[in-house]
Amino acid sequence: MARWVSLCLLALALGGCGGGKGSTVTVTSEQSAAGRLTCEDKTPLEVAQRLRSIAEHRGPRKRFAEMVVDPTPAIEESPGYPRLVAALYATTLPPPKRAQAAAACAEELAAASHGR
Amino acid sequence: MKRKFAVLTVLGALIALAVPASSMASIYPAGHKFEITGDANGPKLTTSLGNCKISKITGTIPSAPKNEELFPFTITTPTVGTCSAGASLTLSGTWSMSAHGYTPLVYGSGADSAVLRFTSLPGCKLASSSPTLLGTWSNGTTTPTLLKSGFYAHSEPTFTWATDGGSCALAGSKETVKWESGTTQSQAVTDLTSPTTPIIIGNDK
């Protein structure tokens, strides 16, 4: 019994709690698929759709993600859409890093749009 | 037949008199100042981009007999507590408290009486001109913390995204905000006029 408990504790220490599977895991898998999740060289909608997995979660963030990932024409055509995508991207990061990450992502999206 | 009709009319009148009285909330003691304090697990507004706590709701119960008749009554604008990094909440306008039975609601009125802003989404604000923060109330019996009256935040008010000095793609879109206490434990309600007296909501007059 004691050995079993020790093994469980060791597994938790190494792998983290199973209940913690969520946006972090999802984003990590996206990051590994893309090398690094960046906002460069992609349209705002392309970046938004790579964040689609966020819309599978629950709570206010899910509804927000749905509006960004499947935008109405008015939202997608708005000049503020890149900022919105950047804000969604930033939700995958810890709160203290969000403002800077969102600003950088919005800049990259704007630059990519101009380059097309 | 006429007699039956008369009996039904009298019965209906009696019910009509009884129902408003039993559904009308009253609050005691009259004239006392009270405070709902949010601690680390206090009530908070959670949105898609961050959350903010309400650290204090303070008001004065109307003097008798208005405490049994007058709902809503005006309270001090609730105090905003800590927010998650990058989020901020501004409360303004007139704030009131009302109750229907044991479900008191704290609500603001006035243009943008509750506004949330996020540094990750400049140019946008999430605002409401009539934020309604509903909760449940449990009457206490005495002053020890566990037996104090308690307020438990629990509702989902709707806020609207709007432009805030820039271009906001979500302008006009609605967002349901969660208003809830951090734990199953309710926030203690303290009588500031007489700290040994519990603040009580009564369902019947």
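In this predicted model, the buried residues of H4(A) pack against helix H3 (44–50), helix H5 (73–77) and H6 of chain A, and also against strand S3 (44–46), strand S15 (174–176) and strand S16 (178–180) of chain B. Helix H4 spans residues 60–69 of chain A, and its buried residues are A:Pro60, A:Phe64, A:Ala65, A:Met67 and A:Val68. Because they cover an arc of only 160° around the axis, they lie on the same side of H4(A). An α-helix has 3.6 residues a turn, so residues three or four places apart point the same way.

Chain A contains seven helices and zero strands; from the N terminus on, its elements run α-α-α-α-α-α-α. The chain has 116 residues, of which 27% count as buried. Among its contacts between residues at least 6 apart in sequence, 49% join residues at least 24 apart.

The largest nonpolar core has 59 residues, and those with the most contacts inside it are A:Leu84, A:Val85, A:Ala86, A:Leu88 and A:Tyr89. Helix H6 (residues 81–90) of chain A gives the most to this core, with eight residues. For A:Val85, leaving aside neighbours within four places in sequence, the contacts are A:Pro44, A:Val47, A:Ala48, A:Val68 and A:Leu109. One of these, A:Val68, is also among the buried residues of H4(A).

**Where the chains meet**

Between the two chains, 20 residues of chain A are in contact with 23 residues of chain B. On the side of chain A that touches chain B, the elements giving two or more residues are H4, H6 and helix H7 (95–115). By class, that side has 13 nonpolar, three polar and four charged residues.

**Strand S10 of chain B**

Strand S10 (residues 114–118) of chain B is mostly covered, with five of its five residues buried. B:Ala114, B:Leu116 and B:Phe118 point one way from S10(B), while B:Val115 and B:Arg117 point the other way. In a regular strand the side chains alternate between the two faces of the sheet.

S10(B) pairs with strand S7 (residues 87–91) of chain B in the antiparallel sense over five bridges, and B:Ala114 is the bridge partner of B:Leu91. S10(B) also pairs with strand S11 (residues 124–128) of chain B, again in the antiparallel sense, over three bridges; here B:Ala114 stands opposite B:Ser128. The hairpin of S10(B) and S11(B) has five residues between the strands, and B:Gly123 takes a positive phi near 90° in it.

**Backbone exceptions in chain B**

Most residues other than glycine have a negative phi, and most peptide bonds are trans. Chain B has two cis peptide bonds to list here.

| Cis peptide bond | Omega |
|---|---|
| B:Tyr28 and B:Pro29 | about -5° |
| B:Ala64 and B:Pro65 | about 0° |

Both prolines are in loops: B:Pro29 is found between strand S1 (26–28) and strand S2 (33–37) of chain B, and B:Pro65 between strand S4 (51–60) and strand S5 (73–75) of chain B.

B:Asp112 has a phi near 50°, a positive value in a residue other than glycine. B:Asp112 lies in the loop between strand S9 (103–109) and S10 of chain B. With 18 C-beta neighbours inside 10 Å, B:Asp112 counts as partly exposed, because a residue needs 20 or more to be buried and 12 or fewer to be exposed.

Notes
Residues are numbered from 1 along each chain as its sequence is written. Chains are lettered from A and ligands numbered from 1 in the order in which they are written. This is a predicted model: local features need pLDDT of at least 70, side-chain atom pairs count only at pLDDT 80 or more; totals for chains, interfaces and linings use all residues. A nonpolar core is a set of buried Ala, Val, Leu, Ile, Met, Phe, Trp, Tyr and Cys residues joined through C-beta atoms within 7 Å. Helices (H or I, at least four residues) and strands (E, at least two) are DSSP runs, numbered from the N terminus. Two residues are in contact if their C-beta atoms, placed from the backbone, lie within 7 Å. The arc is that of the directions from the helix axis to the C-beta atoms. Ala, Val, Leu, Ile, Met, Phe, Trp, Tyr, Cys and Pro count as nonpolar, Asp, Glu, Lys and Arg as charged, and the others, Gly among them, as polar. Two strands pair if DSSP finds at least two bridges between them.
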